[in-house]
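Hello,

Here is the structure I said I would pass on. Please have it open while you read the notes below.

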Amino acid sequence: MSDPVESFEESVLRTFPETFEALEAQGILIPTVTLDRLKALLSTGQQAIVDQIMNLRPQDYGVNTPYAGDLEPVPADLVKVSGQQYTEHGVRKTLGEKYVPAHIFEAYVRMNEAFMAGHPKRKLLVVSCYRSPAYQVAVFINWLIEAYHGDIAKTIRHASPPNYSQHTIASKAAIDFKNVDGSPSNEHPEDFKDTVEYAWLRRHGGEFSFYESWPEDNEFGMRAEPWHWQYRS
Ligand SMILES: [Zn+2]
């Protein structure tokens, strides 16, 4: 076992935002990108950081995130969800394409119908569901740089390496929800716990096999994420 990584090469870390922006613009950096495809488009230094993130263990940083599962190939039965709209501060916005494994999409549709039966003007939107291991590494890097100034211990309470992420194992992928008012917002994501969507999920999510993974003060030491519900059949 090697010693835990203390920090990544700062000069290389700084190059990721520009690379990722270009790969997103080209439609390459999407939730189904494979590790081979992504790494082939990175510099040697960037590839080394990707490899380091693949091997991070949350326990080395004081977080007991459960092992999510061995990595699998990108599944073939993903449902592409597009055109989801919400209104934030009076501005109409549309979410980008999301990918949901077919069996989870079916459960989600049934759950949303049940929710909307009592809340006809509202909806549970999918902000994120399946993410390939490579995409999860990109998500990790984005949080590492944009929110945590390269601090691995802080980032890992929020975004997990692929083997520990509930977004990378298709059979039991989690959905991150958003409501039609844009909550959780980037500025105050914790406010999602005050929404009717959260109250409804707490009461009924389990009927559709969706469970809150990271409640307030959870035993794992993960940041509270009231919008993150894992599908467990
Ligand atoms: Zn999540």
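Start with the contacts. Take those between residues at least 6 apart in sequence: 70% of them join residues at least 24 apart. Please keep in mind that this is a predicted model.

Overall fold. The chain has eight helices and eight strands. Its radius of gyration is 18 Å, close to the 17 Å from the globule rule for 233 residues, so the chain is as compact as a globular protein of that length. The C-alpha trace spans about 50 × 40 × 35 Å along its principal axes. Of the 233 residues, 34% count as buried.

At the contact between them, 10 residues of domain 1 meet nine residues of domain 2. The domain 1 side that touches domain 2 has three nonpolar, six polar and one charged residues.

Leaving out residues up to four places away in sequence, Gln84 touches Thr94, Leu95, Leu125 and Val126. Ala48 is another matter. Gln84 and Ala48 are 36 residues apart along the chain, and their C-alpha atoms are separated by 36 Å.

Best wishes

Technical notes:
Residues are numbered from 1 along each chain as its sequence is written. This is a predicted model: local features need pLDDT of at least 70, side-chain atom pairs count only at pLDDT 80 or more; totals for chains, interfaces and linings use all residues. Two residues are in contact if their C-beta atoms, placed from the backbone, lie within 7 Å. Ala, Val, Leu, Ile, Met, Phe, Trp, Tyr, Cys and Pro count as nonpolar, Asp, Glu, Lys and Arg as charged, and the others, Gly among them, as polar. Helices (H or I, at least four residues) and strands (E, at least two) are DSSP runs, numbered from the N terminus. The radius of gyration is taken over C-alpha atoms; the globule rule is 2.2 Å times the number of residues to the power 0.38. A residue is buried if 20 or more other C-beta atoms lie within 10 Å of its own, exposed if 12 or fewer, and partly exposed in between; C-beta atoms are placed from the backbone.
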